[in-house]
Amino acid sequence: MIGGMEGGVDAQSLISISLMKIHNSRTQRGGIKLHKNLLVSYVLRNARQVYIKEKYAEIYRMQQYEEVMTVCNEIQELNPLDLDAEEADEEERSRGEESSVCGAALQRGAAQPAALCRTGSAVSGCCPLEDVGKDPEPSYYRSCCMEAPPAAPCDPFTGSGGAHCNKTTVLDLDTHVVTTVENGFLHQDCCCAPTGQSAAKKRKVEFGCCVSDLDDVPDFTRKRAKREDCSFSDYTDTSNISNLISIFGSGFSGLLSRQADLEQICSKQALASLGAWTRAIVAF
Amino acid sequence: MLSPIQVLCSDITTLSLEPEPFASYTEADIISTVEFNHTGELLATGDKGGRVVIFQREPESKTEPFSQGEYNVYSTFQSHEPEFDYLKSLEIEEKINKIRWLPQQNAAHFLLSTNDKTIKLWKVSERDKRPEGYNLKDEEGRIKDISTVTSLQVPVLKPMDLMVEVSPRRVFANAHTYHVNSISVNSDYETYMSADDLRINLWHLDITDRSFNIVDIKPVNMEDLTEVITAAEFHPHHCNLFVYSSSKGTLRLCDMREAALCDKHSKLFEEPEDPSARSFFSEIISSVSDVKFSHSGRYLLTRDYLTAKVWDLNMESKPLETYQVHDYLRSKLCSLYENDCIFDKFECAWNGSDSVIMTGAYNNFFRMFDRNTKRDVTLEASRESSKPRAVLKPRRVCAAGGKRRKDDISVDSLDFTKKILHTAWHPTENIIAIAATNNLYIFQDKLNSEMH
């Protein structure tokens, strides 16, 4: 299996490098080199597979930890000593902040330390993680997009209360705007990820430069709440990459399927930018 | 047979004539293709600036035995110019991707040169006589005053200084949507093929306004694209057979008699992937960068990033021989990916008797493998080590931290900007042409001039 090659090969950095290569190829003299871009897309896919596997392993560990902590908490409630319970909450919060997980849904779960939102369980609901060594090929993609389960009252910004809210995230390389399509609803996210400091709400940070004009977007589109303290320091490669991962569902077809979904409901702007990206690869 | 351990004497001909060894060059001077003609008398090079330079071998002279066999510049011309495709807003590079000579049929020489989009047929002819004694015009070509003409004379041909004229005879344009990577002249001497990333077209040398598409691997939905064509070549003797290689490391032998569209291969040459060697870059390093038929037509030589392989046309399941060109790079693939070196396309070559294969590497090294003795040698093409008539010294690359002999080079000291992508071997003699960035080196094995 992929892994264990030259020491220190980082899947995340490979993804960044690959995307940068594809992006730069659009302005290269002589036109887009189909062969080179095809090879880069293979590296991208390989790196993404490894990255997702690693994330799943981490989420599984987190889930296991949460389950343990829940049990501990229940035990603690019976215990006159409250110190341990507070410590457990602290740990859980810091856990949530540390995790840089795949997909916004998982980030949301991690940002709510006090709640019993079982991010891990949401994921595990669609992908049993008994064996992290198994290739989660069929389900990982959906899992990336799965929302928190219905028992998430602390999240008023969830698109729907449904347990299986389908959500896909794509990034426009031109404007660096992340667009999320959720059960047919379009949201404009941003490249930054919340670091989990704020509880109870899913907050999004927007780059000043990438605020897109959505005035002409149809009624069924809505924006997410903006964070007051938009700061570039919140930007993490990990979350950016995790959003970008969903672009490449499989080879180039990830792009097209997203485009097909979006074409029905998307604003022209998002569609045009995605189309340009696809066209850049096809080029002729 | 050429024993690779026997060293070569070198007669260097360089294109750029800067005196300092580290003088800078422009990108247009970078050599992008090298090709001997069928007799080996002429050697053509193409560069990134769209120019073609042809070298001619000096005939052996009894008076000057040491100048025997040297190649000197014969002709230089601008083959392709940069173009702009207004419809797609794309610039078309003038870089010469390939040159192929036609077999000589009269006094003139013909060659095909191609950039990304357009193939051109050039006629190279000599003029060593000119007519003198015109009645109506004088020596400079000015019209004479008729009143001064008192008698008539018949113009005669007088010898003149040799002049080499190059003229474009055919332009084969607008047939390729993607970048042309190969051209190959058929053994019927009437047709040739051109291959781009997704299609191969068959042309008649005399007809420029149409071509036949014989291979098309473009998927209905471009998003389903999984492989591209990387090289193609006609069989040297059977005019109906050709081979093309793909980015997935497969070779397909096609027979044009089977169908008009040769999408279905006659033979598929593929080596199963070793699952234990899987890495992020498995797909990249398995992509075939060059494919060459042996002179006999019995074998195929392919080059991928780390190896060169010899295939038997009768065995599709695996290659006959695999040669490690620079396996020490296997642990450095990530850095080579970052600096784009992993996408370098190395070419390969057979010697005239198909007993030795040659290919380039980094640090201006090139490698030769003797198929019979299984010995191999690494040589360097550089000004410092290649004075005229000097003898090339075999080089060795040692793994970082390994036991190091004197004159060995460590993997970490390799210069990856100095790459030898294009090499050519004289069709009958032990003379090789090595293109090192903007310099051309021609080496000759004086000890074993004749091929065994």
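Helices (H or I, at least four residues) and strands (E, at least two) are DSSP runs, numbered from the N terminus. The model on screen is predicted.

Stop 1: Select residues 191-195 of chain B, which form strand β13; five of its five residues are buried. Turn the view to compare the two faces. On one side lie B:Thr191, B:Met193 and B:Ala195, on the other B:Tyr192 and B:Ser194, and both faces are covered.

**Stop 2: the partner before it.** Next, select the hairpin between β12(B) and β13(B): five residues separate the strands, and B:Tyr189 has a positive phi near 60°.

**Stop 3: the partner after it.** Now select residues 199-204 of chain B, strand β14, which runs antiparallel to β13(B) and is joined to it by five bridges. Here B:Met193 has B:Leu202 of β14(B) as its bridge partner. The hairpin from β13(B) to β14(B) passes through three residues.

**Stop 4: two loop residues.** Go to the loop between β24 (348-350) and β25 (356-360) of chain B and select B:Asp354. B:Asp354 is not a glycine, yet its phi is positive, at about 60°. B:Asp354 counts as buried because its relative accessibility is 9%, and the cut-off is under 20%. Continue to B:Asn364, in the loop between β25 and β26 (365-370) of chain B. B:Asn364, also a residue other than glycine, has a positive phi near 60°. With 8% relative accessibility, B:Asn364 counts as buried.

Note on methods: Residues numbered from 1 in each chain as written. Chains lettered and ligands numbered in written order. Predicted model: local features only at pLDDT ≥ 70, side-chain atom pairs only at ≥ 80, totals over all residues. Heavy atoms only, no water. Buried < 20%, exposed > 50% of the residue type's maximum accessible area, 1.4 Å probe, protein only. Pairing = 2+ DSSP bridges.
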